[in-house]
Structures are given as C-alpha cells and as structure tokens.
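Notebook open, model loaded. I wanted to go through the salt bridges, the helix packing and a couple of strand residues.

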Amino acid sequence: MDTPGSTLGFLSTPLATHRLQGKVAIITGGGGKIGIETAGRFLREAANVVLVDISPLALDAAVEILKGALVTGEVVTSRIHCIVADVATEAGVKHYVQSTVRIFNRLDVAFLNAGVGMPETSILETTEEDFDSVMRINVKSGLQGSPGLSVYSGSKFALRGLALSAAMELGEFGIRVNTIHPSGVDTALFRSARSEEKLEELKDEMPLGRFARVDDVASVVGFLASEDSKFMTGGFLKIDGGCVHF
C-alpha cells in the first residue's frame, strides 16, 4: 500500500516561485524577439542567461531591453552574458557551449531558437541556394507542412526527427530533448515573408483570432526548462491557437 505522499508528489512538494534558480540557460537567436522575451522569462525565474547571436548589434540591443526585465528593479546584467557565434557551424556551436561552461562551470538549458524563414515559393521555383540556406540554419542549429513553404516545412520536420533521436540517445544521461512548434509568431521575420493581404487571410483562419505572441512561446519554453516538465522528453508541443495550416 502506498504511503501518503509517495506517489502524489504535489502534496508534499511546495511550488517553486523561482523555478530556474541557479540554472544556466543558453538561448540562440538571442537578439530576436522570441529570444529576448524568453531571456526575460528566464531572468524572472532566477536563471543565468547566455544570449547567442550572429549579430553583436542585436545582442547589445537585447541587453538594453533586458535591463528592465524585473519589476523589482533588480540589476540583472550580471546574470546576462552575450556570445557572438554562427550557430550553423560546428566551430560556432563549440565556441558558445565551451564559453558558457567556462564562465559558469555548468549548462542546464539550451533553447535552440535561431532560425530563418523564406517567402512562400513553389518547390519548383526554389533554388539550391535557398534550400541550403534554410537547412543550414534551421536544421543544423537546432508540423504540418504549408503550401509554398516546402523547404521551410522540411527543415522543421528534419529537426523533429533529430530531436526524437537525441531524446532516445541522451535520456540515460538525464538530458531531455523536446521541440516546440508555434504557428505564425507575430514578429518581423514572420511578417517579412508575407504580404499584408496574406497575413489578414491567415489571421482570419486562426480559431483564436490572432497570431501567436512571443510571450506565448516564452511561457512554454519556461515550462520545458523547469522541473515541472521533468518527465517529458522526445515530445513536441504545438503552440498554434488551434491552427493546422503551419
């Protein structure tokens, strides 16, 4: 017979207010809107954050925004480090991982957020250069396909397969691997690939009547980075507002 609390952990374990206390988290694409929003979430959860981006200017701008991440007014710059790296190269990945471990002597979370989009293009009109560019960044750095986005969709399916294999191979080391699959996130990258007419058409098809916001993504990433998801690996979480067209 089970003793009280032996299986119902929530009865004996207090809820954490700072779920990422003391943890070290890498965020690639750290200079973009999703990266910045997620970094703010991690900082509020008491983590140390390493922002990785290919653009030093984007990283500088991100730090300026994140200085006000906490409503308490706490200075968080001591918990933010920036690394300039090309995440689509082996040398770049080694650089930011080794630098993080050298600075903090640990690494707990990696949010592989860097990616590129592309305009809607028929597969017959897609050039080899376009194909290689999208695959190089979206797959090497880090569900349903969409008409006109065959290469982009393919890069995401490839990443999904890699994540499943990694989850199976790394589980014995206590490493969890999960992927998130947002629909259109309302960022400059998303809007730049579509006309205003197309954007309105897509929004009208969203069951919740809007595109995803960056905080919709950041909140799910925060959950996956925390112990609240400690028995989840190899999973994929859709953040799509009920939409099936992305």
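Predicted model: local features only at pLDDT ≥ 70, side-chain atom pairs only at ≥ 80, totals over all residues.

I started with the charged side chains: Arg 19, Glu 45 and Asp 228 are linked in a network of salt bridges. My rule for a salt bridge is a side-chain nitrogen of Lys or Arg within 4 Å of a carboxyl oxygen of Asp or Glu. Counted that way, I get twelve salt bridges.

Residues are numbered from 1 along each chain as its sequence is written, and side-chain values use heavy atoms, with hydrogens and water left out.

**Salt-bridge pairs**

I looked up some pairs one by one. Glu 64 and Lys 67 are joined through their side chains, N to O 2.9 Å. I checked accessibility too (buried is under 20% relative accessible area, exposed over 50%, partly exposed in between, with a 1.4 Å probe and protein chains only). Lys 67 has 42% relative accessibility, so I put it down as partly exposed.

Next pair: Glu 200 and Lys 203 form a salt bridge at 3.8 Å, N to O. How far apart are Glu 200 and Lys 203 in helix H7? They are three residues apart in H7 (residues 196-204), so about one helical turn separates them. Glu 200 is partly exposed at 38%, and Lys 203 is partly exposed at 29%.

Then Asp 240 with Lys 238: their closest N and O atoms are 3.2 Å apart, a salt bridge. Is Asp 240 buried or exposed? I find Asp 240 buried, at 13% relative accessible area, whereas Lys 238 is partly exposed at 47%.

**Overall layout**

I stepped back to the whole chain. I count eight helices and six strands, taking helices (H or I, at least four residues) and strands (E, at least two) as DSSP runs numbered from the N terminus. Along the sequence the pattern reads β-α-β-α-β-α-β-α-α-β-α-α-α-β. Of the 246 residues in the protein chain, 41% are buried.

To describe two packed helices I need the angle between their axes and the distance between the axes. My axes are lines fitted to C-alpha atoms, for helices over the stretch in contact, and angles run from 0 to 180 degrees between N-to-C directions.

H1 (residues 33-44) packs on H2 (residues 56-66) at about 40°, axes 10 Å apart. That angle makes H1 oblique to H2; under 35 degrees would be roughly parallel, over 145 roughly antiparallel, 65 to 115 roughly perpendicular, and the rest is oblique. I noted the H1 and H2 crossing as right-handed, meaning the near helix is turned clockwise from the far one by less than a right angle. From H1, Ile 36, Ala 39, Gly 40 and Leu 43 meet Ala 62, Ile 65 and Leu 66 of H2, with contact meaning heavy atoms within 4.5 Å. The residues in this H1 and H2 contact are six nonpolar, one polar and no charged. For the classes, Ala, Val, Leu, Ile, Met, Phe, Trp, Tyr, Cys and Pro are nonpolar, Asp, Glu, Lys and Arg charged, and the others, Gly among them, polar.

H1 also packs with H8 (residues 214-225), at about 50° and with axes 9 Å apart. That makes H1 oblique to H8, and the crossing of H1 and H8 is right-handed. On the H1 side I listed residues including Lys 33, Glu 37 and Phe 42, and on the H8 side residues including Val 214, Asp 215 and Ala 225. The H1 and H8 contact divides into seven nonpolar, three polar and four charged residues.

**Two strand residues**

Ile 26 sits in strand S1 (residues 24-28) and is buried at 1% relative accessibility. What does Ile 26 contact, leaving aside neighbours within four places in sequence? Its partners include Val 50, Val 52, Tyr 96, Leu 107 and Phe 111. Asn 48 is 22 residues from Ile 26 in sequence, yet 8.7 Å away C-alpha to C-alpha.

Ile 239 and Asp 216 are 23 residues apart in sequence and 7.5 Å apart C-alpha to C-alpha. Beyond four places in sequence, Ile 239 contacts residues including Ile 180, His 181, Pro 182, Asp 216 and Val 220.
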